[in-house]
Amino acid sequence: MRRKMLTEAQQKLINHSSTIDDESAIKEFVKSRRLKNVRETTITYYENVIHVMKRDMEQLHINKQLIELSEKDVEDIILLWKSKIKITSINSKLRGVRPFFSFLKEKGMIKKNPTANIKLLRERKQIRATLEDFEVKKIADYFKKQQSFSGYRNLIMFYLLLDTGVRISECIGIQLGDVDGRRLIVRETKNLQQRLVFLSKNMVEKLHSYIKVRGSLSHDYMFINCDNKILCKSSFQAQLREAAQAVGIKKQVSPHVCRRTYAKNAVMRGMDPFSLAMLLGHQSIEITKRYVQIWGSDLEVQAEKKHDYSGIF
């Protein structure tokens, strides 16, 4: 009896039991990221991008699972994205899905990685917005006039972002014990490597005043909401954006614009890019170059520093 060939039903049962589906593939991928100690925010980013891809597969009538996608399917999805979102956003999505498919191929869950030959799209280099001093003053004055705890907290956070160039996620993660004189220990970093940044004298004074207003709580997180809980970064992002709009600033204002403003001003005052990379928490100097964009009258000032041959000619 056992010497006979397997029936069609038995073959289907075997094939079904050995086939992994999207849900289990995603679970295995997430598990692998946690074992690598990847930040939970990054894992959420991976999950969101993967689910966006599944959604857009339905729009294109690609009746497959993610694990069955071909390179052409991925290209069709990218073309759909190009009709709806910016190149920067597309590349962000690709940075999320490519590690997923690479993992599946590495673990033998798929025979071919459909993103193996998919490159990031070329982006047109643009001059990124930073804040001028008069714009900083407008936003600061707006927060001061609110005369509320949230307004005061937003003022201090806005100042801290401009004074140190920290990311908003790093700012939210600051605890009371992280401030040591003019030194600030940044713990909640993107690359999991703690670093030091340095506060201006006035920033130190402002932080101490804020800490007194904050008062003693059951936790040590510096920046809190009106319910004394840890502040959500999206809440501050929204309030900063509203402040900029309220004072008539047309450019998009975000915590990351504050970070770029810090980088630009640091370079204009003579900071070398290697020190700036350390202070910003960049692992590569190439990343720092994207923050250091000098233009307009600033570029003219820099050009005046070139060698002077007037004595010869």
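## Pro 255 in helix H11

Pro 255 is found in helix H11, helices being DSSP runs of H or I of at least four residues, numbered from the N terminus. Pro 255 counts as buried because its relative accessibility is 5%, and buried means under 20% relative accessible area with a 1.4 Å probe, protein chains only.

The model is predicted, so that local features need pLDDT of at least 70 and side-chain atom pairs count only at pLDDT 80 or more, while totals for chains, interfaces and linings use all residues. Residues are numbered from 1 along each chain as its sequence is written, and side-chain values use heavy atoms, with hydrogens and water left out.

Leaving aside residues up to four places away in sequence, Pro 255 touches Leu 161, Ile 168, Phe 236, Gln 237 and Leu 240 (contact: heavy atoms within 4.5 Å). Phe 236 is 19 residues from Pro 255 in sequence, with a C-alpha to C-alpha distance of 8.7 Å.

## Arg 153 in helix H7

Helix H7 spans residues 149-164 and includes Arg 153. Arg 153 is buried but has no salt bridge, and Asp 227, the nearest side chain of opposite charge, is 9.5 Å away. A salt bridge requires a side-chain nitrogen of Lys or Arg within 4 Å of a carboxyl oxygen of Asp or Glu; Lys and Arg count as positive, Asp and Glu as negative, and His and the chain ends are not counted.

Beyond four places in sequence, the residues touched by Arg 153 are Tyr 210, Phe 223, Ile 224, Asn 225, Leu 231 and Gln 239.

Notes. Helix = DSSP H or I, 4+ residues; strand = E, 2+ residues; numbered from the N terminus. Buried < 20%, exposed > 50% of the residue type's maximum accessible area, 1.4 Å probe, protein only.
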